[in-house]
Amino acid sequence: MHSRFHTAFPGLAENLQAALAPMLADTHFPAMLSAEQVATLQSATQLDADALAFALLPLAAACARTDLSHFNVGAIARGVSGSWYFGANMEFLGATMQQTVHAEQSAVSHAWLRGEKALASVTVNYTPCGHCRQFMNELNSGLSLGINLPGRAPHTLGDYLPDAFGPKDLEIKTLLMDEQDHGFPLRGDALAQAAITAANKSHSPYTHSPSGVAIVCRDGRIFIGSYAENAAFNPTLPPLQGALNLLNLNGFDYADIERATLAERADAPLTQWDATVATLRALGCENVERVQL
Ligand SMILES: O=c1ccn([C@H]2C[C@H](O)[C@@H](CO)O2)c(=O)[nH]1
Ligand SMILES: [Zn+2]
């Protein structure tokens, strides 16, 4: 088991600990549960799905990297496929506040990058901030996305975001998590190809600046991140954040990063290059390349 779970795990109910132990055995537990694993945990604990998600939140929060605030937020996104995806906030020393990933963004991006087609609900241990409510309003589940908070009745995103501003206000019909393929041909080495693959599924309806990042770890594992724009612009999740989030959730550390590649259009109105290089440098990685779409 990864050492980050050592404090939270003993606090879980004993029947949950017993059923979870084999799933968490690998240091690189993928921070997601298949529908079958969820069913196993439910029958071992006799918890309904909502109660099980709440019970698992301490493990999701244990994945947080909060070197600034030490305020660990955990989230679990439940996909329509039945799979559950952990999310946790990430703060980056030596970068800017704007590079921060919120736990809700982490769980949503996690589910999306693993190929989930839509979300049914998000369970989170603190009330979602305005930025996260806006970020989630980009999703193809719309305002009917379930939001489950400890000690509160289940609600929808619409309840938490009345009078919502969203993609429709900008006449955008393709939503976050809708299937997208920008069709840029794959080229270059395996890492460049992974970055292009990530860019091809990115969500950039507002600026038409698709982008993707691929990070390779010293053991050869590759993590990709796709850019996810937001109708309100600022809550946009950059592609590097998507990749760093998967790397972290899979139990890797920044020191494991060998190199990274960014894929973007040379003639796009926006560029991720400077922010990507600056944040990776703050994390100790100077080896960054760019491949043109
Ligand atoms: O909805 C929220 C609110 C805050 N945070 C994180 C951001 C930052 O890392 C820390 C303090 O705001 O908590 C979240 O992850 N989700
Ligand atoms: Zn937030």
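**A friendly first look at this predicted structure**

The chain averages a pLDDT of 98, and 100% of the residues score at least 70; pLDDT is the predictor's confidence in each residue, from 0 to 100. The model is predicted, so local features need pLDDT of at least 70 and side-chain atom pairs count only at pLDDT 80 or more, while totals for chains, interfaces and linings use all residues. Residues are numbered from 1 along each chain as its sequence is written, and chains are lettered from A and ligands numbered from 1 in the order in which they are written. For the complex, the predictor gives an ipTM of 0.99 and a pTM of 0.98.

- Strand β7 covers residues 211–217, and six of its seven residues are buried, so the strand is largely enclosed by the rest of the structure.
- Here a residue is buried if 20 or more other C-beta atoms lie within 10 Å of its own, exposed if 12 or fewer, and partly exposed in between, with C-beta atoms placed from the backbone.
- Strands (E, at least two residues) and helices (H or I, at least four) are DSSP runs, numbered from the N terminus.
- Strand β9 (residues 257–264) pairs with β7 in the antiparallel sense over seven bridges; two strands pair if DSSP finds at least two bridges between them.
- Within that pairing, S211 stands opposite E264 in β9.
- Strand β8 (residues 222–226) also runs antiparallel to β7, joined to it by five bridges, and A214 stands opposite I224 in β8.
- A hairpin is formed by β7 and β8, with four residues between them.
- In the turn of this hairpin, G220 has a positive phi of about 95°.

**Two loop residues with positive phi**

- H70 sits in the loop between α3 (49–61) and β2 (74–79), and its phi is near 55°, a positive value in a residue other than glycine.
- H70 counts as exposed because it has 8 C-beta neighbours inside 10 Å.
- F233 lies in the loop between β8 and α8 (239–249), with a positive phi near 65° in a residue other than glycine.
- F233 has 10 other C-beta atoms within 10 Å, so it is exposed.
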